[in-house]
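Subject: Structure handover

Hi,

Here is the structure I promised to pass on. Please open it and keep it beside you while you read.

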Amino acid sequence: MKKVEIIILSGFLGSGKTTFLQKILAKEQQAERKVAVIMNEVGKVSIDSDSVPKETPLKELLNGCVCCTLSGEFEIQIAELLREYDLDVIYIETTGVAHPIEVLDTCLSPLLAEKLKIRSIITLVDAVSWINRKKLRIPLQRLIIEQVKHADIILLNKVDCVSKHTQNCIEEEVRSINPSGKIVPTVFAEVNVNELITSEKLENGEHEKVHVTQHLHIKTYVHTFLHPINQKLFEEFLKAMPDTIYRIKGYIRFTESEETLLFQYSYGMPFHTKAGLKMKNTLVFIGDDIDHDILQKILNDIEKKSILPI
Ligand SMILES: Nc1nc2c(ncn2[C@@H]2O[C@H](COP(=O)(O)OP(=O)(O)OP(=O)(O)O)[C@@H](O)[C@H]2O)c(=O)[nH]1
């Protein structure tokens, strides 16, 4: 099945996301790739939509943030784009105050995860506001750090406004926060497309029911159980799971019940409710350092043990 790439543009208010989007869309057009854009603005009014060429499918989410209040609507918009267009890639411009992992989380709804391939999180850092970030409220300072920490590529933008020495200092700070991210200094977010290619590993072991995006800094893993699962075995697995797995969500059916459950796990807390519908038993895992081979084996073993007669 063809998977549509998702590229998440993150970065604090005014860091240059729209400037970058305009430039990258022109380059995608030259490369004849089929692109769509989802733009999210915290305000009620669309400000940046004119920056997207008329022929590019565009969905706008206004007056809220896709990572919280608009997450349901966001899922619907992605599903609509997938249904209405034959696409290669969807760019998502987040609000300046969005947390990239929360956005990633919303993209990877169990219903959509198998159709999408999360390509990268690109964070724009405004060199000037980086130097002045200590003047911001603490939660915003933390957010900027989080946006840098989880990026695959960091565009250190507006370097025309700082000295070379300051640029080097910022690069050092950014590298200490995110040692594996690729730092690209930019002026008006101008980049060579080759700079945006991060090293991709082979997707080993991929088969029909498993999809892994390994090239991301944050890793995601999608697993489908073909049979109901023994609840006790699953709970033991959750307890033993490393805390580098931040999030699990999806559908599961336990052997003890006829019901499909909507399952959520967030930073150590599992939670499930009746899904109300019979769904494919697909779980999406999000975390740092997910070893997909090990995880796949553990989950397959749980499934095998679950179908053995007691
Ligand atoms: N001097 C300078 N200005 C820049 C650079 N990149 C962007 N700008 C300007 O910075 C301002 C903000 O850029 P945008 O691209 O709108 O930033 P944004 O991240 O989309 O902003 P929000 O949507 O408000 O979060 C605009 O006036 C840009 O022209 C740069 O490298 N140098």
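Predicted model: local features only at pLDDT ≥ 70, side-chain atom pairs only at ≥ 80, totals over all residues.

Seven strands form an open sheet: 7 strands in the order β3-β2-β4-β1-β5-β6-β7. Their pairing is parallel. The edges are β3 (58–62) and β7 (182–185), and each of these pairs on one side only. From one strand to the next, the twist averages 20 degrees. In general, strands of a sheet pair through backbone hydrogen bonds.

Look at one pair in detail. Strand β1 (residues 4–11) runs parallel to strand β5 (residues 116–126), and 8 bridges join the two. Find Glu5: it stands opposite Lys117 in β5.

Helices on the sheet. Helix α2 (residues 71–84) packs on the sheet and touches β1, β2 (35–41), β3 and β4 (89–93). The direction of α2 makes about 175 degrees with that of β3. Helix α5 (residues 138–149) lies across β1, β5 and β6 (153–157). Its angle to β5 is about 130 degrees.

A covered helix. In helix α3 (residues 100–107), 7 of the 8 residues are buried. Among them are Pro100, Ile101, Asp105 and Cys107.

The ligand. Which residues are closest to the ligand? They are Gly16, Lys17, Thr18, Thr19 and Gly96, out of 17 that surround it. Helix α1 (residues 17–30) gives the largest share of this shell, 3 residues. By type, the shell holds 5 nonpolar, 8 polar and 4 charged residues.

Best wishes

Methods
Residues numbered from 1 in each chain as written. Near = placed C-beta within 6 Å. Helix = DSSP H or I, 4+ residues; strand = E, 2+ residues; numbered from the N terminus. Nonpolar A, V, L, I, M, F, W, Y, C, P; charged D, E, K, R; others polar. Buried ≥ 20, exposed ≤ 12 C-beta atoms within 10 Å, placed from the backbone. Pairing = 2+ DSSP bridges. Axes fitted to C-alpha atoms, helices over the stretch in contact; angles between N-to-C directions. Contact = placed C-beta atoms within 7 Å.
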